[in-house]
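Visitor: I am new to this structure and would like to go through it step by step. Could you show it to me?

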Amino acid sequence: MAPATSLFVEKPTDQTPPQASKRVSVKTLVESLGLTSIPSSYSYSLNPNESAGSEPDETIPTIDFSLLTSTDPHQRSKIIRDLDRACREWGFFMLVNHGVPKSLMKETLDGCNQFFNLPMEEKKEYEGRTFGSRLGLEQGEVAEEYSKRTREVIKELLKGVSESLGFEQSYIEKAMNLESGLQIFAANLYPLCPQPELAMGIPAHTDHGLLTLLIENEIGGLQIQHNGKWFNVNPLPNSFLVNTDDHLEILSNGRYKSIKHRAVVNSNATRISIAVPLGPSLDTVVSPAPELIEGESGRPAAYLPMKYKDYMDRQLEGKPCLDHVRLPVA
Ligand SMILES: O=C(O)CCC(=O)C(=O)O
Ligand SMILES: [Fe+2]
């Protein structure tokens, strides 16, 4: 099965109130109506204990990708330990020296911007299509190259993660059938918001795949939950933000938790982000790795097995997923 890749999701439209007779994107709402306050149906309130504080940037782990491909065994074992700690303690890290050209990252963000600026009727024509059927579009080619390069980066990271879980390098690739793993290209647009404190770009969620790579146009707005508190993330220039997803939590039998994150909006600059998760192939039945159930830890299986496609279908229906497969084990 060829990897499925979906292109350009204008996420904030999801929040169009259901009672609206004609669905209008948030972008259209902001631009054509020149809003100075947000319609009450869009308002989103947080408990005071859910608002974000700032964490000094240096405490967010940074992983140097070039060390992962090092042939020096000492360096390799150190970076694998760092990767294990980053996945275990944060479920989130910044990835530097990853080899994806800065120019490609910028062109991809610019391409998404151009796409978002197309008239709604034109954008609709792309609904539900995959890259193959939309070639000829310059942005499509750039996005395809970006997807290819990010897929390679994630696969390399997953070799390191296989080792950090105590397996051989190819463990996750084989167990999750990554050759036909589901990769998604999700571009998010956050138009200016006149009252950012009353709205939310993307509410708190976890991603469904194994690992996700995220970039943004240096505006800021991503917040992650760490030890029950929310933190703003200010990415290093040209880095990828990497987060651990639901299926890594399941496969690792809970050693690595799927990190909760959300994106806030602002009133100064339009933000664009691109999230590229890579997951198992759709027909893979994912369950905790047997070695992590019967191993020294003696931890019983903490998740029910589920086919990735069924998991995705549940998610598309808006039903809880991770909570559905998680078992109440000690
Ligand atoms: O825009 C962001 O920073 C987060 C996007 C995100 O979480 C997603 O697309 O799943
Ligand atoms: Fe996400």
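Visitor: How many helices and strands does the protein have?

Guide: The protein has 11 helices and 12 strands. Helices (H or I, at least four residues) and strands (E, at least two) are DSSP runs, numbered from the N terminus. This is a predicted model, in which local features need pLDDT of at least 70 and side-chain atom pairs count only at pLDDT 80 or more, while totals for chains, interfaces and linings use all residues. Residues are numbered from 1 along each chain as its sequence is written, and chains are lettered from A and ligands numbered from 1 in the order in which they are written.

Visitor: What share of the residues is buried?

Guide: Of the 330 residues in the protein, 36% are buried. A residue is buried if 20 or more other C-beta atoms lie within 10 Å of its own, exposed if 12 or fewer, and partly exposed in between, with C-beta atoms placed from the backbone.

Visitor: Which residues have the most contacts inside the largest nonpolar core?

Guide: They are Phe-93, Leu-211, Val-242 and Ile-274, in a core of 72 residues. Helix H6 (residues 138-164) gives the largest share of this core, 7 residues. Such a core is a set of buried Ala, Val, Leu, Ile, Met, Phe, Trp, Tyr and Cys residues joined through C-beta atoms within 7 Å.

Visitor: And what is Leu-211 in contact with, neighbours within four places in sequence aside?

Guide: Among its contacts are Ile-154, Leu-157, Leu-158 and Val-242. Two residues are in contact if their C-beta atoms, placed from the backbone, lie within 7 Å.

Visitor: Let us turn to H4. Which of its residues are buried?

Guide: Met-105, Thr-108, Gly-111, Cys-112 and Phe-115 are buried in H4. They lie on the same side of H4 because they cover an arc of only 125 degrees around the axis, the arc being that of the directions from the helix axis to the C-beta atoms. On the other side of H4, Lys-102, Ser-103 and Gln-114 are exposed.

Visitor: What surrounds ligand 1?

Guide: The residues around ligand 1 include Asn-188, Asp-207, Glu-216, His-261 and Ser-273; a residue counts as near if its C-beta atom, placed from the backbone, lies within 6 Å of the ligand. Strands S3 (186-190), S5 (211-216), S9 (261-263) and S10 (271-278) each give two or more residues to this shell.

Visitor: One last point: is Glu-31 buried or exposed?

Guide: Glu-31 is exposed, with 12 other C-beta atoms within 10 Å. Glu-31 lies in helix H1 (residues 26-33).
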